[in-house]
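Subject: Structure handover

Hi,

Here is the structure I promised to pass on. Have a look at it first, and then read my notes below.

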Amino acid sequence: MKRRSESILVVEDDPQIRSFICYALKQEGFPCLTAGGAQNALSTLVSSQVDLMLLDLGLPDYDGMDVIKKVREWSEIPIIVVSARDQDSEKAAALDCGADDYLTKPFSATELMARIRVALRHASRSAGSKAQSVYTVGGLTLDLERHLVFLDGAELHVTPMEYSLLALLFKNMGKVLTTQYILKEIYGVGYGTDTQALRALMAGLRRKIEKSPAKPRYILTEIGVGYRLVDE
Ligand code: CA
């Protein structure tokens, strides 16, 4: 069995789900820590080496959302919310609080592992190289230093707004960005509600980079929540 060095904290009050997740993690070689509630989770984070947290929102002592806010006061570790709450507004709220990703129960072990790998890769990338200037996914390349975009080796003309959007997605590769977050980042605070403008901008960009804009390969829509640039 492969052995991974990153340890994962599973915060879940349902013992059955907790052992299902731990079993799946151990199969992949991840050391696994567990907590049945929010306070226990926070004390484990302080006292042990944890590289990623899987967090249930419905906990017996505090709400998982409060755990995210608390942890984000002092730590940037990847947090993947694993919850039965499947409302888009809940997902967006968790992501806006600082969660990195969101998985709705029930989910498969395969899907969980894929999300964990993406989140860990993203974390090591942002820790290792703050100065990364060239990003690539598939045939799409963004050169931050030269301010250029390439598609299948050829330079692609994009508008300044399309470039800003693409740069934001590349810097957060693999991560779901909420519509609110994107709007704030690329248009500034005053435009926080103009989701129509973002949809139009996204449609224009997709026409340029996607072979089939209705079935995007690069920028995926997380319905009701936001967008994600694929990570591999
Ligand atoms: Ca629960």
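How many positive and negative side chains does the protein have, and how far apart do the centres of the two sets lie? There are 28 positive and 30 negative side chains, with 4 Å between the two centres. Lys and Arg count as positive here and Asp and Glu as negative, while His and the chain ends are not counted. Each charge is placed at NZ of Lys, CZ of Arg, CG of Asp or CD of Glu.

Before you go further, some ground rules. This is a predicted model, where local features need pLDDT of at least 70 and side-chain atom pairs count only at pLDDT 80 or more, though totals for chains, interfaces and linings use all residues. Residues are numbered from 1 along each chain as its sequence is written, and side-chain values use heavy atoms, leaving out hydrogens and water.

Now the overall picture. The protein has 8 helices and 12 strands; these are DSSP runs numbered from the N terminus (helices are H or I with at least four residues, strands are E with at least two). Its radius of gyration is 18 Å, close to the 17 Å from the globule rule for 232 residues, so the protein is as compact as a globular protein of that length. That radius is taken over C-alpha atoms, and the rule is 2.2 Å times the number of residues to the power 0.38. Along the principal axes, the C-alpha atoms fill a box of roughly 50 × 40 × 30 Å.

Of the 232 residues, 48% count as buried (buried is under 20% relative accessible area, exposed is over 50%, partly exposed is in between, with a 1.4 Å probe and protein chains only). Among contacts (heavy atoms within 4.5 Å) with a separation of 6 or more, 58% join residues 24 or more positions apart.

On to the inside. The largest nonpolar core has 30 residues, and L140, L165, L166, F170, Y218 and I219 have the most contacts inside it. A core here is a set of buried Ala, Val, Leu, Ile, Met, Phe, Trp, Tyr and Cys residues joined through side-chain atoms within 4.5 Å. Elements that each supply at least two of its residues include β6 (134–137), β7 (140–143) and α8 (195–209), but α6 gives the most, with 7 residues. Leaving out residues up to four places away in sequence, L140 touches Y135, V149, F150, L151, L166, F170, I209 and Y218. A second, separate core of 22 residues includes L55, A94, A99 and Y102.

A35 sits in strand β2 (residues 32–35) and is buried at 2% relative accessible area. Its contacts beyond four places in sequence include L9, V10, V11 and N40. T179, in helix α7, counts as buried because its relative accessibility is 17%.

Last, some backbone details. The peptide bond from K105 to P106 is cis, with omega near -5°, and P106 is in the loop between β5 (101–104) and α5 (109–128). H147, in the loop between β7 and β8, has phi near 65°, a positive value in a residue other than glycine. D152 is not a glycine either, yet has a positive phi of about 45°. H147 is exposed at 53% relative accessible area, and D152 is exposed at 55%.

Cheers
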